[in-house]
Amino acid sequence: MEQKILELLQEIDEGILSFEGENLFEAGLLDSFLVIDLVGELEDTFDLEIDARYILEENFRTKENIIALMKKLTENQN
């Protein structure tokens with residue numbers, strides 16, 4: 001799962017994979033429009049629906065946060 005998420009992030013911006021900071025938004029690597037695209041890709045890839053309550057900046061600030069969110073959501077699905 002983690003590898004697939006990283007592939008999706010790389011499609012958005014290759015810089016996301018090497019980013020070691022604390023906020024992809026402040027670094028200009030993600031914005032609200034890209035998050036909506038990413039959410040759609042994650043939903044399609046993992047065959048789940050991400051509720052709007054999870055679409056918060058804190059869940060998408062870093063690649064690690066995105067991976068943690070998806071692990072949580074897929075665990076809850078099972």
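1. Accessible areas here come from the Shrake-Rupley method with a 1.4 Å probe, and for residues only the protein chains shown count as cover. On that basis the chain exposes about 4,900 Å². Carbon and sulfur atoms supply 43% of this area.

2. A word on the source. This is a predicted model, in which local features need pLDDT of at least 70 and side-chain atom pairs count only at pLDDT 80 or more, while totals for chains, interfaces and linings use all residues. Residues are numbered from 1 along each chain as its sequence is written, and side-chain values use heavy atoms, with hydrogens and water left out.

3. Start with the secondary structure. The chain has 5 helices and 0 strands. From the N terminus the order is α-α-α-α-α. Helices (H or I, at least four residues) and strands (E, at least two) are DSSP runs, numbered from the N terminus.

4. Next, the overall dimensions. The C-alpha atoms fill a box of roughly 35 × 25 × 20 Å along the principal axes. The radius of gyration is taken over C-alpha atoms, and the globule rule is 2.2 Å times the number of residues to the power 0.38. For 78 residues, a compact globule would have a radius near 12 Å; the chain has 12 Å, so the two agree.

5. Now contacts, meaning heavy atoms within 4.5 Å. Take the contacts between residues at least 6 apart in sequence: 57% of them join residues at least 24 apart.

6. What share of the residues is buried? The figure is 36% of the 78 residues. Buried means under 20% relative accessible area, exposed means over 50%, and partly exposed lies in between (1.4 Å probe, protein chains only).

7. The largest nonpolar core holds 23 residues. Such a core is a set of buried Ala, Val, Leu, Ile, Met, Phe, Trp, Tyr and Cys residues joined through side-chain atoms within 4.5 Å. I5, L42, I50, F60, I66 and M70 touch the most other members. The elements giving two or more residues to this core are α1 (2-12), α3 (32-46) and α5 (63-77). Look at I66: leaving aside neighbours within four places in sequence, I66 is in contact with I5, L9, L24, L30, L38, L42, N59 and F60.

8. Charges come next. The chain has 6 positive and 20 negative side chains. Lys and Arg count as positive, Asp and Glu as negative; His and the chain ends are not counted. The place of a charge is NZ of Lys, CZ of Arg, CG of Asp or CD of Glu. The centres of the two sets lie 7 Å apart.

9. Two residues sit in the loop between α3 and α4. D47 lies there. D47 has a positive phi of about 50° although it is not a glycine. Its relative accessibility is 65%, so D47 counts as exposed. D51 is in that loop too. At 38% relative accessibility, D51 is partly exposed. D51 and L73 are 22 residues apart in sequence, with 9.6 Å between their C-alpha atoms.

10. Not counting residues up to four places away in sequence, T62 touches G21, E22 and L24.

11. Finish at the chain start. M1 lies in the segment before α1 and is partly exposed at 39% relative accessible area. Its contacts, leaving aside neighbours within four places in sequence, are F46, M70, K71 and T74. M1 and F46 are 45 residues apart along the chain, and their C-alpha atoms are separated by 8.5 Å.
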